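Have a look at the picture, then read on.

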Amino acid sequence: MFERIGYTSASVHELEGVTRGLSRRQLLLAGGVGAVGAALGVAPRASAQIGGHFSGATQEAINVAATVEVLTTIVTTTALQKVTLPQAAIDTVGAASREELDHYLVLTEQFGGHAATHRVWVPDALFFDPTSLFQTLVVGEQICINLYLVATTVWAQNGHVGLARAGAELVGNEAVHRALARQALGLQPNDRAFMKYNQLDQADGPGRGTTGFTSPQGAIQSFQAAGIGFGAQGKAPGAFYDFDTVRQHTPNPSFVNTPEPR
């Protein structure tokens, strides 16, 4: 269901020579981003450790991540209402939905992130049946893994050690989600020694043959290619979902622990 499209955002490697003092306009022009990118851009502010607000490329990565967590919370929470799942899968998807919401809360409340929108267009096909859902989750979680690998690199390059460690923790959680979705499809869940960055995906199953991205905006564009719309109607038949409404139905399983990084 997910197909990769090209993008023009500056890559992590290209960001190595960019200082944190660049203006918002310079950052957006360098990234070549559109309306969603503009919403994710921020004016530079003094750097801070975890618990404050950041600037430049560091803040952009946080904002993109918050926007993606809006989407993933909507998809997993809505799936519990729209897709008939066995109890074990209900528990797994329910836990994932809470964890995605926890990610959003940390990114926005602790790291000062700003999602581009709380209104997301989601294709109906995602909720057609369990197979469609878990196929979508396998590829969607890989996009999240790729995003947090990019973000961790950006945060480390800009000297935010605690933030980079939190990024590694986020990669670990999204990798668990991918593995569980693969297991639900009858695929080998334990198939990677290292998480895939932007190289060719050689795993059997959804996403095989696709490559990744090296900038935060690559995540937004990958989801848009699948028919997702961030604040605008996507290209696939679907409907708008409001994050602030959907999150009221996100479960809170007692077994989910470690709701924030340290």
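The lining of the second largest cavity in this predicted model splits into 7 nonpolar, 4 polar and 2 charged residues. Here Ala, Val, Leu, Ile, Met, Phe, Trp, Tyr, Cys and Pro count as nonpolar, Asp, Glu, Lys and Arg as charged, and the others, Gly among them, as polar. Local features need pLDDT of at least 70, and side-chain atom pairs count only at pLDDT 80 or more, while totals for chains, interfaces and linings use all residues. Residues are numbered from 1 along each chain as its sequence is written, and side-chain values use heavy atoms, with hydrogens and water left out.

**Spaces inside**

- The second largest cavity holds about 120 Å³ of space.
- Thr72, Val75, Leu137, Gly140 and Phe223 are the closest to its centre, out of 13 lining residues.
- In total, the count is 3 cavities of 30 Å³ or more.
- A cavity, on a 1 Å grid over the protein atoms alone, is a set of points where a 1.4 Å probe fits but cannot get out; a pocket is an open set with protein on both sides within 12 Å along at least five of seven lines; and lining residues have an atom within 4 Å of a point.
- Grid points are joined across faces, edges and corners, and a volume is the space filled by probe spheres set on the points.

**The largest pocket**

- About 290 Å³ of space sits in the largest pocket.
- His103, Leu170, Thr258, Pro259 and Glu260 are the closest to its centre, among 15 lining residues.
- Both α4 (87-110) and α6 (161-184) supply at least two residues of this lining.
- Its lining is made up of 7 nonpolar, 4 polar and 4 charged residues.

**α3 with α5**

- The axes of α3 and α5 are 10 Å apart, at an angle of about 160° (axes are lines fitted to C-alpha atoms, for helices over the stretch in contact, and angles run from 0 to 180 degrees between N-to-C directions).
- That makes the two helices roughly antiparallel (over 145 degrees; under 35 is roughly parallel, 65 to 115 roughly perpendicular and the rest oblique).
- The crossing of α3 and α5 is left-handed, as the near helix is turned anticlockwise from the far one by less than a right angle (clockwise would be right-handed).
- Residues of α3 including Ala61, Val68 and Thr72 meet residues of α5 including Leu137, Leu147 and Tyr148, where contact means heavy atoms within 4.5 Å.
- By class, this contact has 16 nonpolar, 3 polar and 1 charged residues.

**α3 with α4**

- The axes of α3 and α4 come within 8 Å and cross at roughly 155°.
- These two helices are therefore roughly antiparallel to each other.
- α3 passes α4 in a left-handed crossing.
- Among the residues that meet here are Ala65, Glu69 and Thr73 in α3, and Gly94, Ser97 and His103 in α4.
- The contact divides into 11 nonpolar, 8 polar and 2 charged residues.

**α3 with α7**

- What angle do the axes of α3 and α7 cross at? It's roughly 25°, and the axes come within 9 Å, with α7 covering residues 217-225.
- That makes α3 roughly parallel to α7.
- Their crossing is left-handed.
- Glu60, Val64, Thr67, Val68 and Leu71 in α3 meet Gln217, Ala219, Ile220 and Phe223 in α7.

Note on methods. Helix = DSSP H or I, 4+ residues; strand = E, 2+ residues; numbered from the N terminus.
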